[in-house]
Amino acid sequence: MKIQIIIILVLVFKISLHSQAEKRLNFGKMYEVLGTITDSITNDTLHQVSIEAFNENFEKIKSTRSDFDGVYYFKFCSNRLISGTLLIRVTYPSYKQKIIRYKINSDSVINIKMTYDYDKTITKEKFESFLYFECGTSHHNELQLDELLYEENKTYRHFCSGEEKKYRNLIKDKVNFSEWILIEK
């Protein structure tokens with residue numbers, strides 16, 4: 001009788017250990033997600049867009065930003081998901097926040113189009129009243145105006161031709177600023 005009880009206890013203990021080991025060995029798969037973030041109307045790429053990935057309980061999995069070409073990329077373990085659903089929240093200044101629900105079971109390309117939020121724009125009248133109200137009413141704003149005039153008088157040199165121009169002339173000529181280097185004068 002004692003031997004039967006010992007055998008039963010050993011079997012129960014062994015089954016318990018086996019089920020715990022089974023739970024620990026439930027490995028996931030690494031998924032890669034990449035895509036491009038663009039404006040929904042102009043199709044221009046948007047850089048430095050904030051991308052956050054969540055599971056269905058809104059527990060954060062990963063966060064990243066799009067690069068200069070509007071491309072984003074992240075990797076995560078499938079164990080972090082609940083029922084294979086990935087939520088992606090995309091935010092960018094002056095654009096409507098977007099949350100995408102995506103069923104995922106492999107590496108994926110998810111291209112996202114964002115919509116400009118016209119409610120966040122400012123009217124011309126409001127802008128002009130802001131300028132009138134702000135300029136000259138405080139010492140701080142006078143310093144800002146002086147700083148803007150100083151910016152206008154800075155000199156830039158074209159990195160290839162060596163030509164020098166003032167900031168205001170570069171603006172007037174609508175040049176590509178990536179070709180010009182600020183020089184100290």
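Biologist: What share of the 185 residues in the protein is buried?
Modeller: It's 24% of them. Buried means under 20% relative accessible area, exposed means over 50%, and partly exposed is in between (1.4 Å probe, protein chains only). Bear in mind that this is a predicted model, where local features need pLDDT of at least 70 and side-chain atom pairs count only at pLDDT 80 or more, while totals for chains, interfaces and linings use all residues. Residues are numbered from 1 along each chain as its sequence is written, and side-chain values use heavy atoms, without hydrogens and water.

Biologist: Why does Glu 52 count as buried?
Modeller: Its relative accessibility is 13%, and the limit is 20%, so Glu 52 falls on the buried side. Glu 52 sits in strand E2, residues 50-54. Strands here are DSSP runs of at least two residues (E), helices are runs of at least four (H or I), and both are numbered from the N terminus.

Biologist: What makes a polar contact of Glu 52 and Lys 60?
Modeller: Their side chains come to 3.0 Å. A polar contact needs a pair of N or O atoms within 3.5 Å; within protein, one must be able to donate a hydrogen and the other to accept it, and residues adjacent in sequence count only if both atoms are side-chain atoms. So the pair passes, with 3.0 Å against a limit of 3.5 Å. Lys 60 is also one of the residues that Glu 52 touches, along with Lys 62, Ser 63, Leu 87, Ile 88 and Arg 89, if you skip residues up to four places away in sequence. Contact here means heavy atoms within 4.5 Å.

Biologist: How do you know that E2 and strand E3 pair?
Modeller: DSSP must find at least two bridges between two strands. E2 and E3 (residues 60-65) have five and run antiparallel, so they qualify as a pair. Phe 54 stands opposite Lys 60 in E3. Five residues lie between the strands of this hairpin, and there Phe 58 takes a positive phi near 60°.

Biologist: Why is the pair of Phe 54 and Phe 58 called tilted?
Modeller: Rings of Phe, Tyr and Trp (its six-membered ring) pair if their centres lie within 6.5 Å; planes under 30 degrees apart are stacked, over 60 edge-to-face, and the rest tilted. These two have centres 5.6 Å apart and planes at 50°, so tilted is the word. Phe 54 is buried, at 6% relative accessibility, whereas Phe 58 is partly exposed, at 46%.

Biologist: What makes a nonpolar core?
Modeller: It's a set of buried Ala, Val, Leu, Ile, Met, Phe, Trp, Tyr and Cys residues joined through side-chain atoms within 4.5 Å. The largest one holds 21 residues, and Ile 37, Phe 76, Leu 86 and Ile 112 have the most contacts inside it. E1, E2, E4, strand E5 (85-91) and strand E8 (112-114) each give at least two residues to this core.
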